[in-house]
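Work through the exercises below with the sequence and the structure open. Each task is followed by its solution.

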Amino acid sequence: MKKSSMSAVIGMLLAAGAIGHARAATAPSDVTRATLDNGLRVVIVRDTLAPVVTTELNYLVGSDEVPAAFPGTAHAMEHMMFRGSPGLSKDQLAAIAANMGGAFNADTTQGVTQYYFVTPSQDLDVALHVESLRMRGVDVTEKAWAKERGAIEQEVSRDLSNPSYKAYEQLQAQLFAGTPYGHTPLGTRASFDKTTAAMLKQFHDTWYAPNNAILVIAGDVDPAATLAKVKQEFGDIPRSQLPARPGFSFKPVQAKAVALPTDSPYGSVYLAYRLPGMKAKDYAAAAVLGEALGSQRAALFGMGMDGTALYGGFSAQFMPQAGFGMAVGIFPRGGNPQPVLARMRTILAQAASKGVDPALVEAAKRKAIAALEFDKNSVDGLANAWSRALAFEGLDSPEAIKQAIEAVTPAQVDALARATFDPTHAVTAILTPESSGKPVAGKGFGGAESFASSPDKPVQLPEWAAKAFAKLSVPKSSLHPVDYHLANGMRLIVQPEAISNTVVAFGRVQTNQDLQAPKGEEGVADVLGQLFQFGTTHLNRLQYQAALDAISARASAGSSFSLAVPSAHFEQGMKLLADAELHPALPAQAFAIVQRQTAGLVAGQVQSPGFLTQIGLDQALLPAGDPELRHATAQSVMGLTLDKVKQYYAQVFRPDMTTLVVVGKVDPAQVKQVVEQTFGAWKASGPKPVVDYAAVPPNHAGQLHVPDASASQDSVTMAQTIDVTRDDPDRYALNLGNEVLGGGFYASRLYHDLRDTRGLVYSVGTSFDYGRNRSTYSVDYGADPDKVKAASALVVQDLKQMQTTPVSPADLDRAKGILLRQMPLGESSFGGIGGQLLGLAIEGKPLDATTVAAKHYLEMTAPQVQQAFAKHVRPEAFVTAVKGPAPKG
C-alpha cells in the first residue's frame with residue numbers, strides 16, 4: 001500500500017473505468033433455454049472448466065422503480081433478502097451459504113437486482129432451493145430492518161467518504177436530471193431512517209415475481225436434470241401483475257462544473273458526456289467509440305506518455321436506457337488541472353470535428369469481439385455474459401452483440417462522436433488533493449468495553465441442507481500442469497485447457513526494491529515499471545501497441561508481466577511479450593517525463609491519509625531502520641539517472657528469478673519450444689539475490705489516528721506481527737480458525753457480532769499475510785466515529801474466545817467446508833488457475849499444495865485451532881490505525 005506506483009494508479013483507473021461489454025457466447029448445443037408457465041425465463045449454459053456452477057437470478061427491478069423520495073429502497077430490499085424467508089431463518093441462510101464455500105452475494109443497479117451463487121456443482125440443488133424460498137417470500141420485520149439499517153447506513157457512510165464516488169454521484173445527477181437515473185442505487189441515510197419494514201415487504205411482493213426474473217445457470221451441470229430441478233423449485237410460484245415502469249424523458253444536459261477536495265495523492269479531472277444506453281440502436285457504436293478513445297494508441301492515453309498529465313484515458317459506462325462516456329486526466333498534487341482539462345477538451349473536440357482514427361475503430365472492434373472469446377475463460381464470467389445480454393441489454397444471447405459490433409462502421413462512430421462531444425452538454429469534475437492534518441497518537445479509542453458473549457449455538461440446518469453438507473471430503477483437483485525448468489533457470493508451467501480458443505500467460509520476476517535498490521535510489525522500480533510502456537528497442541510505443549492490436553492481444557511487461565491472446569496467435573504474442581520484457585527501449589525522453597510524473601505522484605502520496613496510515617502502521621510494527629520502511633520521495637526519484645534505472649534493470653531482471661505460467665488451448669511441448677525461442681537467450685550472472693525480508697521481533701501495542709477531511713466514516717486496521725511463516729504447519733490451524741472468525745459472510749463470528757447483532761460496521765475482514773520470514777495478522781472494518789471503540793473491543797473479545805474455548809463442531813465443520821469447497825472454485829477460471837500456480841511456484845511449494853492443505857484441514861481438530869490461536873495471536877498487542885474523523889467515546 002505505502003509503495004503505490006504510477007502503474008498501480010493506472011491499473012486502478014483502468015479497472016474502475018473498464019468498458020462493460022457483453023460477455024461470451026457458447027456453442028448452441030451447450031445452451032438450454034426454457035420459459036416456465038409462470039413466466040420465469042431460464043438459461044442453462046454447460047461449461048466443464050471445473051466442477052463449479054454459478055447461478056444468477058436477475059430480477060428486472062432496481063433503483064428505477066423505487067418510490068419517490070426513497071432512492072435506496074431496492075438496495076435495502078437486497079439487504080433484507082439475506083435476513084431470512086419463510087421456512088429459512090437468517091441464521092440458517094448464513095450457515096448454508098458459508099457451508100457452500102463460494103460466493104453468495106447480490107448487487108443492485110438501476111434496472112436489475114441480481115442474486116448469485118458461485119459454488120461447487122454438487123451444491124446446485126441447495127442454491128436453487130434457497131433462491132426459490134427467497135422468491136416466495138422474505139422475512140421483513142421492524143426489528144430486523146432496524147438492525148440491517150445500521151449496516152446499510154455504514155455502507156452509505158463508506159461510499160460518501162470516497163471523493164470519487166461523490167463526484168460520480170454529482171455527475172450522474174447532472175447527466176440524467178429528471179429521470180430515474182438522476183440518483184444512484186445506493187440511497188441516503190435520511191431516506192433509510194424513514195423507510196419501514198412494511199414498505200420493503202410491499203416492494204418485494206410487487207416486483208420479486210417469476211415473470212419479472214431471468215435465471216441464468218452456468219457451469220459443469222447436466223442441463224436436462226438442472227431444468228427439471230428448476231421446474232420443481234420454481235414452477236408453482238404464481239406470476240404477478242407488474243406495475244407500469246417509470247418513463248425516461250431525457251432532456252439536454254446542462255453544462256456544469258463540480259469541484260471537490262480529495263484525500264488521494266493526486267488530482268483528477270473528469271469530463272463526462274451522455275451516451276446511448278444498452279437497449280439503444282447505436283449501443284454497439286457507443287461501445288466501439290469508448291474502446292477506441294480509450295486505446296493506448298489514442299490521444300487521451302497519450303497525455304500520460306507526453307507528460308501533459310500523469311495519466312489519461314477514456315471509459316464508458318452503460319445502463320439499459322442511457323450511458324455516459326468520461327475522459328479522465330490525472331495531475332500531481334499542487335499541480336494545475338486547467339492545462340489537463342484544456343487538452344482533454346481539445347482531443348474530444350477533434351474527435352467530434354474530424355472523427356476517430358479508423359484504425360483505432362477497427363482495432364476496437366477486433367478487441368471487443370475477441371473479448372467475447374476470452375470471457376469464456378471463467379464460469380462466473382460466462383454467467384455474467386448471459387445475464388448481461390438478457391437482463392441488461394434485452395438481447396437474445398451474447399452472440400447478438402458480437403454481430404452488432406461487427407456491423408459498426410467508422411462513419412457511425414464519427415456521427416456519434418459529433419452528436420456526443422458538444423461542450424455545451426459536458427459535465428466537468430475536478431478533485432483537488434488537500435491536506436487533512438498530521439497523524440496523532442491514539443487516546444484510548446481501542447479501549448476495552450464489556451459485552452455479553454455471543455451465543456455460540458450451532459444452527460439447526462433444514463434437513464435438505466444438512467444432508468447436502470453431511471460429508472466432507474478432499475475435492476479432486478482438475479489441474480495437471482506440466483512443469484519445465486529451462487536451461488537459463490527460468491521456470492515454465494503449462495496447464496492445457498480447451499474451453500476456449502485463447503491462451504493467457506502470467507509471469508513474475510522475483511524482485512524487492514527495498515532490498516535491491518541502492519540507498520538513495522528509492523523509487524527506481526516505479527520509474528522502471530512505467531518505462532516498459534514506451535516500446536522496445538525494435539518497436540516504438542505505438543508500433544508495439546499496433547502489433548498487439550493486429551492479433552487482438554493484450555500484454556504488459558515489468559516485474560509482473562502477462563499476455564492474453566487468441567490461441568491461433570500464441571507464438572506471435574509470446575514474441576511480443578518477450579521483446580517487451582527483455583528489450584525495453586528505456587528512451588531518454590521518456591525517462592525525463594516518467595521521472596517528473598513519478599516524483600509528482602510520490603510528493604502527493606507521502607502527504608495522503610492513506611499513505612500516512614500505512615506508514616504509521618509499519619513504523620509501529622517494525623523495528624527502526626527496517627528495509628520495509630523504505631519508501632520513495634520526490635527527492636530520491638529526481639536524483640535518479642537513466643543509467644541508474646538501466647543498472648537496476650540489469651541487476652534484478654534475471655531468468656533464474658522468473659516464473660511463467662501458461663493456461664489455455666495449447667500443447668505443452670509446443671509452449672516450451674516457443675518460450676525457449678523467445679526467452680532462452682536471456683542469461684543471469686552471479687548468485688541469486690535475496691528478496692525476502694528478515695524476521696522481526698513481536699510488535700508492541702499502539703494506536704494511531706490519521707485525519708481525513710474527505711471521510712465521514714473511519715477506516716480501521718488492527719494489525720500485529722505473528723511468528724508463523726508461510727511454511728509453518730501451524731498456519732493450517734490459523735487459517736481454519738480465521739474462517740470461523742471472518743469467513744462465510746453472516747455466519748462468521750465477527751460479522752455476527754459487529755454487523756448483524758450491533759450494526760456497528762458494514763463489513764469486516766480478517767487476514768493472515770504469511771511471508772518466508774515474517775508475517776502479519778490484520779482485521780479491517782469501517783465504522784462511524786462513535787462506533788470504533790465498541791467494534792474494536794468486540795474484535796479483541798472474539799479473539800480471546802478463540803484462545804480459551806474450542807470452536808463448536810458446527811463452526812469447525814463449516815470452516816472446513818468453506819476451505820475445502822474453495823479449492824475447485826480457485827480452478828474455475830484461467831486467471832484463478834494461473835494465479836494459483838504462479839503463487840505456489842514463487843513460494844517454492846509443490847503445485848498440488850492445495851490438495852495437501854485440504855487434507856490438513858479435513859483432519860484438523862478444535863483443540864488444535866484453539867492452541868494455535870493461543871500460541872500465536874496476541875489480542876492485546878494490536879496496533880490500531882484509524883483513518884478519518886477522530887473516534888469518539
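The model is predicted, with local features needing pLDDT of at least 70 and side-chain atom pairs counting only at pLDDT 80 or more, while totals for chains, interfaces and linings use all residues. Residues are numbered from 1 along each chain as its sequence is written, and side-chain values use heavy atoms, leaving out hydrogens and water.

**Exercise 1.** Determine how β1 and β2 pair.

Solution. Strands are DSSP runs (E, at least two residues; helices H or I, at least four), numbered from the N terminus. Two of them pair if DSSP finds at least two bridges between them. β1 (residues 31-35) and β2 (residues 41-46) share five bridges in the antiparallel sense. Within the pair, Ala34 is opposite Val42. Five residues separate the strands of this hairpin, and Gly39 in the turn has a positive phi of about 100°.

**Exercise 2.** Which strands stand at the edges of the open five-stranded sheet, and why is one side of each left without a neighbour?

Solution. Write down the order first: β9-β13-β10-β12-β11, with mixed pairing. β9 (256-262) and β11 (311-318) are the edge strands; each has a single partner strand, so one side of each lacks a neighbour in the sheet. Inside the sheet, β10 (residues 266-276) and β12 (residues 322-332) run antiparallel, joined by eleven bridges. One of the bridge pairs is Gly267 with Phe331 in β12.
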